[in-house]
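Look at the model below and ask where its nonpolar residues gather. The paragraphs that follow go through the core and then the aromatic rings.

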Amino acid sequence: MELTPLPDETALAGQEHLDPAYVAAYEQKAGVEDAEELAELLERGLEPGSTLIDFGAGTGGLAVVAASLCERVIAVDASPVMVAAARAKVAALGITNVHCVSAGFLSYEHTAGPVDFIYSRNALHHLPDFWKAIALSRMADLLRPGGILNLRDLVFAFELDESERYIGEWLDTGAELPEDGWTRTELETHLRDEFSTFTWLLEPMIERAGFEIVRAEYGSLKVYADYTCIKLS
């Protein structure tokens, strides 16, 4: 689905993701073990020889480890600074089957055939709900029938009258120092300025886009969701 005018996904990504100093420390701050992520994607249905698109690829950590397994990896991020870091990493390692693209969910232009697997972690929340629905539809269009979307994000798995409890518990998990993780102030900024939504809003969007949700996990904090979705046709 194509609509204009599109929002500026680079601006929506947040000023910190455009800051070279922040990007340089991003992997340590995020605390994601890319090899473990890849192992989990294999459990979710990623197969050797697949074509994988990673939306919100950041500095390309997952793309690099997936390159040894996949035929082709497309690492897409709305931050030109993140993409530059990913390209430098790929070049330094001499990897030839990773293509880094400066684009977002809405602006990415795919020129090859349908892909097998789409992965996205903590990126879709940068879009308001209307544009989330459009992004999910575009991702479905990119996948072959039976292809898999693994979507992980900050999503609220509680009812409105439980918001004070669960948001309070989440904010209390904030790190003391920025280099150790996201601080309470950063979590508050996310809550105020970004677009995390409720599971009971997001899940119908996923299904209307043409997916079947075959796995949904929310965690004890009820502020994160991890979905495995299969494109129906």
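A nonpolar core is a set of buried Ala, Val, Leu, Ile, Met, Phe, Trp, Tyr and Cys residues joined through side-chain atoms within 4.5 Å; buried means under 20% relative accessible area with a 1.4 Å probe, protein chains only. This is a predicted model, in which local features need pLDDT of at least 70 and side-chain atom pairs count only at pLDDT 80 or more, while totals for chains, interfaces and linings use all residues. Residues are numbered from 1 along each chain as its sequence is written, and side-chain values use heavy atoms, leaving out hydrogens and water.

The largest nonpolar core has 33 residues, and Ile53, Phe55, Tyr108 and Leu149 are among those with the most contacts inside it. Helix α7 (129–142) is one of the elements that give two or more residues to this core, and α7 gives the most, with seven residues. Helices (H or I, at least four residues) and strands (E, at least two) are DSSP runs, numbered from the N terminus. Apart from this core lies another, of 23 residues, including Ala67 and Val98.

The structure also holds 11 aromatic pairs. Phe55 and Tyr108 form one that is edge-to-face, at 5.7 Å centre to centre with 85 degrees between the planes. Rings of Phe, Tyr and Trp (its six-membered ring) pair if their centres lie within 6.5 Å; planes under 30 degrees apart count as stacked, over 60 as edge-to-face and the rest as tilted. The pair links distant parts of the chain, with Phe55 in strand β1 and Tyr108 in the loop between β3 and β4, 53 residues apart. Both Phe55 and Tyr108 are buried.

Terms used: Buried means under 20% relative accessible area, exposed over 50%, partly exposed in between (1.4 Å probe, protein chains only).
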